Amino acid sequence: MPNSSEASARAYIRRESLDIYNRLHSIEADIAFVNEVRATYPAFPLLPNLRCGAWYTDPTIAHPTARAYFKSTDGHHGNWSFNLRRPNLHLLSIAATHGGFILVDSTRAGKRLPDALSKTVPIWCAVVNRALRLRQRGSGPPNVCGDDDAVELYTPPGAVSPHEHVQIAARLDGWAASLADSSYALPALIRPLRPLWITPTSASFPHISPDAPFLPVICVSASRAAAEAEGDIDRMEVGLGRRAGGFSYVQGSGDDHELWGQGLTPQLFWLNRVELLACPRDTIEELVARLVATATRRDADDGGPRGAWRAPPTPITKVGGRVMLCAVEDLPRELPVDIPGNCGDNQEEVAFVVIVDESDAAPPNQTDKEGENASKVLRVHLPPGKRRGQHVFMHDVLPRVISFSSSHLSLGRTICVAGGDGGIGVALVLLQVFFDDDGRMRGGSGSEGAISKSSVRTRLEWIIADRPGANPSRAILKKVNTFLLSPPRWHEPVLDKN
């Protein structure tokens with residue numbers, strides 16, 4: 001094929017792959033397959049692996065709250081990892097209660113399975129099984145993960161080569177030891193975890209007996225593989241050009257929706273699915289723009305009472321809920337307010353720290369009550385820019401938050417921290433400064449225990465155990481460690497015991 005023709009073909013393929021009409025109808029085609037799998041295993045909860053999997057899992061039949069956070073990067077060749085910042089241990093209780101679960105993800109052209117399903121999940125199953133054996137060895141009843149078969153690494157032969165399988169298996173014991181030595185609670189499992197795989201090319205679905213000797217983690221890759229090969233335009237056109245109902249099928253359409261979605265999210269798609277799929281190609285972008293604009297206005301206006309929460313904050317269990325975390329957008333429009341689920345006049349018991357990242361759009365229509373209640377709210381802003389943001393965070397934000405929190409904690413109040421990455425960093429500092437390694441309030445002398453990277457890491461585990469989606473960036477963790485481990489010792493407060 002001449003170079004000009006090849007370039008034209010590639011340009012055509014790129015346009016088709018980013019076309020939102022093609023993407024949405026491709027997702028709809030894949031949803032039908034996911035629903036078929038769900039109907040085959042009705043006893044198992046259906047979970048999306050975020051973010052891509054959320055496009056393919058119908059909220060009306062998926063687990064109402066649980067989401068998985070398995071990243072493909074933890075399964076990339078040579079970069080295999082069991083990441084203690086993404087342990088997904090909240091899924092163990094679901095597996096134990098229901099006897100297993102279904103996990104949905106997808107991948108772009110060139111693979112049948114994403115690395116998250118072919119390697120990250122198998123690593124997770126084997127590491128958890130081995131960590132349970134380490135924790136229970138020598139104590140209690142016989143361990144269900146005690147034999148070698150129970151802790152074996154299982155990978156899909158067509159996606160993971162024997163050589164790669166051996167390389168991963170050699171690292172499992174080290175990862176398991178790290179998990180067993182962590183502060184995370186590991187609930188007892190009646191059977192070991194084991195991954196199974198289903199793709200649209202599967203000849204049949206595996207039969208899972210109720211008395212199977214394992215808890216199945218059914219990994220579903222939603223999209224059928226498109227025939228794409230680098231440099232082979234004819235095959236690429238076959239893979240992308242298959243048409244049904246007037247659209248070009250795009251494998252893994254839910255991936256990287258920022259590139260093609262024009263502001264559309266999985267949540268908006270499912271709320272408006274019928275209208276979006278019925279819309280003609282020539283007006284689909286206009287409809288998406290209108291839906292996104294409407295949702296943005298609704299989020300800004302809130303539409304509910306000024307004291308209404310969009311989602312309740314997460315209490316950190318290890319410290320008895322004395323520190324809580326939430327997203328800024330989940331806050332009521334007026335602060336301070338009661339915490340959902342608490343009893344009594346909680347406005348006297350809760351103080352709020354709101355971390356606003358100025359690189360994001362600040363939430364509108366949030367106000368603070370006047371008078372004495374205003375002293376229970378501290379709003380701090382993180383400026384954009386790496387160097388300036390780091391300086392402000394360490395030299396202004398954290399000292400102010402520590403002083404504010406010290407006065408309120410000493411009065412028996414709870415601190416609710418609202419924010420994204422910066423909010424997690426602030427909560428991490430508060431847990432280190434004001435609470436000892438057992439989660440008890442420090443006496444105020446600052447001498448109850450040495451601060452170390454290990455102690456900070458343990459407190460991050462406390463956060464993740466209660467809020468699995470909390471995955472702070474390396475940058476924010478570096479700032480926290482620098483602040484806590486370097487003089488001057490701003491982090492040694494003296495609590496007012498009056």
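Contact here means heavy atoms within 4.5 Å, and on that basis L179 touches F82, L84, L89, V127, V128, A131, R135, Y184 and L186, not counting residues up to four places away in sequence. This is a predicted model, in which local features need pLDDT of at least 70 and side-chain atom pairs count only at pLDDT 80 or more, while totals for chains, interfaces and linings use all residues. Residues are numbered from 1 along each chain as its sequence is written, and side-chain values use heavy atoms, with hydrogens and water left out.

**Overall make-up**

- The protein chain holds 14 helices and 11 strands, where helices (H or I, at least four residues) and strands (E, at least two) are DSSP runs numbered from the N terminus.
- Of the 498 residues in the protein chain, 51% are buried; buried means under 20% relative accessible area, exposed over 50%, and partly exposed in between (1.4 Å probe, protein chains only).
- Among contacts between residues at least 6 apart in sequence, 73% join residues at least 24 apart.
- The accessible surface comes to about 22600 Å², with 52% of it belonging to carbon and sulfur atoms; these areas come from the Shrake-Rupley method with a 1.4 Å probe, and for residues only the protein chains shown count as cover.

**Nonpolar cores**

- A nonpolar core is a set of buried Ala, Val, Leu, Ile, Met, Phe, Trp, Tyr and Cys residues joined through side-chain atoms within 4.5 Å, and the largest one has 84 residues, those with the most contacts inside it being W124, L179, L193 and V426.
- Helix α4 gives the most to this core, with 11 residues.
- Apart from this core lies another, of 41 residues, among them L24, V37, W55 and V288.
- In soluble globular proteins, nonpolar side chains tend to be buried together.

**Salt bridges**

- Counting a side-chain nitrogen of Lys or Arg within 4 Å of a carboxyl oxygen of Asp or Glu as a salt bridge, the total comes to 15.
- R108 and D255 meet in one of these at 3.0 Å, N to O; R108 lies in the loop between β2 (101-105) and α4 (115-136) and D255 in the loop between α7 (233-241) and α8 (266-271), so the pair ties together parts that are 147 residues apart in sequence.
- R108 counts as partly exposed, at 45% relative accessibility.
- R130 and D173 meet at 2.7 Å, N to O; because R130 lies in helix α4 and D173 in helix α6 (residues 172-181), the pair ties together parts that are 43 residues apart in sequence.
- R130 is buried, with a relative accessible area of 12%.
- D115 and K119, whose closest N and O atoms are 3.7 Å apart, both lie in helix α4, four residues apart, about one turn of the helix, and both are buried.
- A network of salt bridges links K111, D115, K119 and E164.

**The five-stranded sheet**

- An open sheet of five strands runs in the order β5-β6-β11-β8-β10 with mixed pairing; two strands pair if DSSP finds at least two bridges between them.
- The edge strands, each pairing on one side only, are β5 (314-315) and β10 (377-382).
- β5 pairs with β6 (residues 323-326) in the antiparallel sense over two bridges, with T314 opposite L325 in β6.
- β6 and β11 run parallel and are joined by four bridges, with M324 opposite C416 in β11.
- β8 (residues 350-357) and β11 pair in the parallel sense over five bridges, with A351 opposite I415 in β11.
- Five of the five residues of β11 (residues 414-418) are buried, so this strand is largely enclosed by the rest of the structure.
- T414, C416 and A418 point one way from β11, and I415 and V417 the other way.
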